[in-house]
Amino acid sequence: MVLVLTGAAPTVSAKPPLHQQIDSLVAAGNPQFEQQAAPIADDATFLRRVTLDLTGTIPTADEVRTFVADSAPDKRSQLIDQLLASPEHARRLQYLFDTMLMERRPSKYVKSAEWEEYLRQAFLENRPWDELVHEMLTVDGTDKATRPAARFLLDRELKSEVVTRDLGRIFLGRDLECAQCHDHPNVNDYLQRHYHGLNAFLSRSYLFKDPKTKLASIGEKAEGQVSFTSVFTNEEGKTAPRILDLPEIPDPENMKDAYKVKPAKNVRSVPVYSRRLQLAEALTGSENQAFQKNIVNRVWAVMLGQGLVEPLDMWHSDNPPTHPKIVKLLTEELQSHDYNLRYLFRELALTKTYQRQSHVSPETELPEKNLYGMGLLKPLTPEQLAWSMMQATGVTTATLEGLQAKQRKVDEKKKTKLAEDPLWQEEALQTALKGNVTAFVRTFGIVGAQTSRFDASADQALFLLNGTTIQAWLSPSGNRLTARLKKLEQPAEIAEELYLAVFSRFPSETEIKQVSEFLKSNPKYSDQDLQQLVWAALSSDEFRFNH
């Protein structure tokens with residue numbers, strides 16, 4: 001029998017890329033969205049924004065010139081891929097996630113340098129987010145190789161009220177602190193059993209200090225139940241470990257041996273069945289959507305300037321996402337891509353939503369922030385501010401050139417080429433300039449829960465105005481910015497180099513005129529005049545924000 005097929009076979013249309021789906025959902029329900037939204041930012045603005053967001057610093061003047069002159073239609077996507085593959089991206093995520101996870105706590109039991117290196121290596125390898133969190137919650141600090149990952153728990157000293165609250169805030173997007181003693185008085189979704197369900201995972205764990213080595217690690221008992229009483233109603237309850245409204249996780253029954261290492265004086269006890277190890281499984285498991293939605297919301301906030309849920313740790317039914325379909329889409333995509341954060345950063349950077357100007361024309365009504373019709377201003381983090389100032393003044397380039405010159409002599413003897421290796425360059429620069437970054441963190445950093453608000457303090461103003469660090473960067477030595485400006489004769493040339501180096505864009509005619517008038521006020525302008533010009537640019541609102 002011969003079958004005769006007529007007509008074309010049905011085709012299955014491929015889904016558009018994630019970034020296009022995001023843009024469609026942002027504009028959904030508003031036929032006038034494109035007319036009301038800000039246009040796509042120009043190349044120079046995009047270059048500065050994405051370089052700051054993905055690598056933590058501004059581009060050089062030469063990089064701006066090159067990118068603006070490039071006529072390739074796909075140059076933005078090529079740039080994004082280049083930045084994501086760079087060692088600087090791993091360092092940027094190290095800074096971001098260190099701040100998110102440890103909130104600038106001082107190191108107590110795990111050296112911050114070891115923890116930071118642990119994070120950097122994880123992001124260099126692009127390790128999945130769920131795998132990374134799983135490791136942080138399961139290591140006990142006894143193995144030197146994995147000890148840095150234990151900092152999340154160890155440097156909180158396993159204090160019940162601290163760890164339980166931070167698990168909820170940082171990994172689930174829910175601040176359950178007010179549900180410790182009673183159901184939350186203002187948030188109907190936050191119940192006392194939610195708080196104590198999280199607490200039950202760690203209630204048997206304790207901080208153990210080895211009397212010989214003095215090292216702190218995590219011990220655990222095999223028994224102990226969690227019960228609670230509402231201070232409002234006197235209602236009593238008890239719970240096994242659980243994540244929010246997911247089922248309780250009961251202890252195994254009829255265990256003959258409760259311990260691998262029994263409790264004793266100066267002995268770290270280790271149970272056969274560990275509730276703490278169940279925490280990592282339950283928290284990162286596919287059925288716990290709160291974990292997935294939380295990281296999606298936090299990455300969105302990093303790139304777009306605010307979360308789909310704000311505040312980031314107050315996710316509940318009375319404070320839903322502004323765009324629930326975007327949350328659902330990103331959560332599904334993150335799962336299907338094995339929690340690949342680099343993929344998520346890439347797709348967000350490719351969206352028109354991310355690439356829009358941060359202003360609209362005077363005749364256009366200003367769109368609401370949560371509609372994402374324009375780019376939102378983001379204050380630079382202390383680390384971004386430090387590296388951007390060093391980049392703008394030429395300190396970064398001058399330092400790298402000096403490091404490379406020394407290394408090339410070593411390379412010549414050893415027949416190596418480390419001086420040309422991007423990873424070596426990034427690590428060498430970090431080591432050489434880390435003290436400067438630390439000074440900025442000390443002045444501009446906030447200990448505790450992070451915020452997107454910007455409130456300048458008197459100390460910060462004085463640091464920029466009179467700080468010896470900044471003043472030293474402004475000296476016209478070598479190939480630093482003031483030295484380059486000094487070699488230029490025409491005010492218009494000085495204005496162009498200044499604006500490219502500091503603001504990552506070409507100056508307008510008005511700005512060229514302003515620089516010219518400032519310089520012409522003193523026909524024989526001095527080094528101090530140029531330093532004042534650069535300092536004024538560095539201290540401006542435009543430099544202080546990512547726009």
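**A loop and the helices around it**

Modeller: Pro311 lies in the loop between α13 and α14, where helices are DSSP runs of H or I with at least four residues, strands are runs of E with at least two, and both are numbered from the N terminus. The model is a predicted one, in which local features need pLDDT of at least 70 and side-chain atom pairs count only at pLDDT 80 or more, while totals for chains, interfaces and linings use all residues. Residues are numbered from 1 along each chain as its sequence is written, and side-chain values use heavy atoms, with hydrogens and water left out.

Helix α14 covers residues 324–336, and α13 packs against it at an angle of about 105 degrees, the two axes being 9 Å apart. Because of this angle, α13 is roughly perpendicular to α14. Here axes are lines fitted to C-alpha atoms, for helices over the stretch in contact, and angles run from 0 to 180 degrees between N-to-C directions; those under 35 degrees count as roughly parallel, over 145 as roughly antiparallel, 65 to 115 as roughly perpendicular and the rest as oblique. From α13, the contact (heavy atoms within 4.5 Å) involves Gln292, Lys293, Ile295, Val296 and Trp300, and from α14 it involves Ile326, Val327, Leu330, Thr331, Leu334 and Gln335. Sorted by class, this contact comprises seven nonpolar, three polar and one charged residues. Ala, Val, Leu, Ile, Met, Phe, Trp, Tyr, Cys and Pro count as nonpolar, Asp, Glu, Lys and Arg as charged, and the others, Gly among them, as polar.

Helix α13, which spans residues 289–304, also packs against helix α15 (residues 341–350), at an angle of about 45 degrees and with axes 10 Å apart. These two helices are therefore oblique to each other. On the α13 side, the contact is formed by Ile295, Val296, Val299, Trp300, Val302 and Met303; on the α15 side, by Leu341, Leu344, Phe345, Leu348 and Ala349. The residues of this contact between α13 and α15 are eleven nonpolar, no polar and no charged.
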